[in-house]
Amino acid sequence: MSHRDVVNGRKLVTVLLLWLGSSAEVGHTVAHPDLGLEEVVFVIQSQGNAYHARRAAERKEEILQQAIELEQGPPAVVLLHELSEYEGDWSVLAALPRLSGIYGQSASWFFFIEEETRVTLSALLQVLQRYHVHEEWFLGKHLHDNEASIIHHYAFSEDPSSFGYPDPAAGLALSAPLLQRLAERIQHEHLKSDFTIDLKHEIALYIWDEGKGPKLTAVPEFCTESRDDCATTFTTYLPNCGEPILKKDVFVAVKTWQRFHSERVPVVKATWEKDAEILEYYSDVADASIPTISLGVPNTERGHCGKTFAILRRFMSEAVPKTDWLLIVDDDTLISLPRLRRLLRCYDPKEAVSLGERYGFGLVRNGYSYITGGGGIVLSRVAVSRLLSSGCRCYSDDAPDDMVLGKCLTSLGVPITHSPLFHQARPDDYNYSLISLRQAISFHKHWNVDPVSVYKYWLQDTNLRDEL
């Protein structure tokens, strides 16, 4: 008997039980008592960078070992970066047709987890058994906005808390009927926005579809902090890979212009500049009091591609100390360099690395990913060298530098590596409980906040947060 025959047999038994009325309301009795691991597809949201690929492979092995201990057939475990050659599969929506095509006939559930999400398989099966597999279900740890957020395009501005979206660190589950319908839909309609900014919120919006689809069902056993009844737990986005890299190994480039010399630069000097050993300010004019360096590129109102590529060329020249890493930030970026140096210990500087908060453009239609500039762009020397030697250029000085970099790096096969510790917006623009459990590396923008207080509360490694 084939694997598919076994699974189809299980489904037939379940349907008969339901038809006979032997199941009751979800949460009170078991709806699918014979659910087996072979009906669950685990999708690890892995990344192509060597460190992340290794961590995802370790998580896969852990899941398969648990299945052996439970004396069940092995589940399918998919590393998302290996699903196809398309880098944009990380957006999940782009990957749905492939997942449906490969596993749609044999799976009852698709369970998405992060590389650092730990799963207790027996507890997960108990959770999934509560839900009828022939229905559409979207399960996860419930989050919501407390106020309208720019990163969510001010959705549900009248009542932001009315819409729930999942915490990916706790895992999220889609029933097979839901995934199959979404996979069909995504192939025949365009998304409302070409940009992928906050994946978890955008997935929830797409599934809900203005009330045509299910809202998120909160599952208390999907956890980030450990409890006795948890089916999942989460470790950290800031792993301990050893001693932080040295200060002298990071070259920091701050983009500014004359208007902000007296407004924003003093904030950098009052907060995080002291943690940098090698730092230069790049402006449209030279100002010895800061000091700033003019790269001969005039200031532009929109993108800063010309200035950024001039920084890349200077980084590779003999005019500055040779370092393994380049960090490019805006003058209103707030950043913890000690935490960044700790994170960079996990990465090999001999590898082409592009790291920060990842956004996407046109990902469902063969688009590209990029590291958004406000949260900080981290590049290894190898990545900068490959970029410049490729002949990739700005189409204009005011082109969006982060997007041009992303398109160039994607064309070179350099993974655009995401860390949720980098933030394009202010702390107030994110779910408080979510960012409170992380050691953030950066935030961006001074709008309607005291940036020095934000730095001290969220980024300074002291006990000040407990005192405020």
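Reader: Before we start, which residues count as nonpolar, which as charged and which as polar?
Author: Ala, Val, Leu, Ile, Met, Phe, Trp, Tyr, Cys and Pro count as nonpolar; Asp, Glu, Lys and Arg count as charged; the others, Gly among them, count as polar. The structure is a predicted model, in which local features need pLDDT of at least 70 and side-chain atom pairs count only at pLDDT 80 or more, while totals for chains, interfaces and linings use all residues. Residues are numbered from 1 along each chain as its sequence is written, and side-chain values use heavy atoms, with hydrogens and water left out.

Reader: How many cavities are there of 30 Å³ or more?
Author: There are five cavities of that size. On a 1 Å grid over the protein atoms alone, a cavity is a set of points where a 1.4 Å probe fits but cannot get out; a pocket is an open set with protein on both sides within 12 Å along at least five of seven lines; and lining residues have an atom within 4 Å of a point. Grid points are joined across faces, edges and corners, and a volume is the space filled by probe spheres set on the points.

Reader: What volume does the largest cavity have, and which residues lie nearest its centre?
Author: The volume of the largest cavity is about 700 Å³. Its lining has 38 residues, with Glu114, Tyr237, His418, Ser419 and Pro420 nearest the centre. Helix H2 (50-69), helix H6 (199-208), strand E18 (358-361) and helix H12 (432-436) are the elements that give two or more residues to this lining. Helices (H or I, at least four residues) and strands (E, at least two) are DSSP runs, numbered from the N terminus.

Reader: Which element has the largest share of that lining, and how do its residues divide by class?
Author: H6 has the largest share, with three residues. By class, the lining of the largest cavity consists of 22 nonpolar, eight polar and eight charged residues.

Reader: On to the open sites. How much space lies in the largest pocket, and what lines it?
Author: The largest pocket holds about 880 Å³ of space. It is lined by 36 residues, and those nearest its centre are His304, Asp330, Gln424, His444 and Lys445. Helix H11 (residues 401-411) gives the most to this lining, with three residues. The lining of the largest pocket comprises 12 nonpolar, 11 polar and 13 charged residues.

Reader: And the second largest pocket, what is its volume?
Author: Its volume is about 660 Å³. Of the 26 residues that line the second largest pocket, Leu191, Lys192, Ser193, Glu202 and Tyr206 lie nearest its centre. H6 provides the largest share of this lining, six residues. The class counts for the second largest pocket are 11 nonpolar, seven polar and eight charged.

Reader: Where does Asp198 lie, and why does it count as buried?
Author: Asp198 lies in the loop between strand E9 (195-196) and H6. Asp198 counts as buried because its relative accessibility is 9%; buried means under 20% relative accessible area, exposed over 50%, and partly exposed in between (1.4 Å probe, protein chains only).

Reader: What does its side chain join?
Author: The side chains of Asp198 and His152 are joined by a polar contact of 2.5 Å. A polar contact is a pair of N or O atoms within 3.5 Å; within protein, one must be able to donate a hydrogen and the other to accept it, and residues adjacent in sequence count only if both atoms are side-chain atoms. Leaving aside neighbours within four places in sequence, Asp198 is in contact (heavy atoms within 4.5 Å) with Ile151 and His152.

Reader: Changing topic, how many aromatic pairs does a search of the whole structure find?
Author: The search finds 19 aromatic pairs. Rings of Phe, Tyr and Trp (its six-membered ring) pair if their centres lie within 6.5 Å; planes under 30 degrees apart count as stacked, over 60 as edge-to-face and the rest as tilted. Tyr131 and Trp137 form an edge-to-face pair, 4.9 Å centre to centre with 65 degrees between the planes, and both residues are buried. Tyr432 and Trp458 form another edge-to-face pair, at 5.6 Å centre to centre and 70 degrees between the planes.

Reader: Which helices hold Tyr432 and Trp458?
Author: Tyr432 lies in helix H12 and Trp458 in helix H13 (residues 451-458), so the pair ties together parts that are 26 residues apart in sequence. Tyr432 counts as partly exposed because its relative accessibility is 44%, whereas Trp458 is buried, with a relative accessible area of 7%.

Reader: Finally, which residues of H5 are buried?
Author: In helix H5 (residues 176-186), Ala176, Leu178, Leu179, Leu182, Ala183, Arg185 and Ile186 are buried. These buried residues pack against helix H3 (96-103), strand E3 (109-113), strand E5 (138-140), strand E8 (172-175) and H6.
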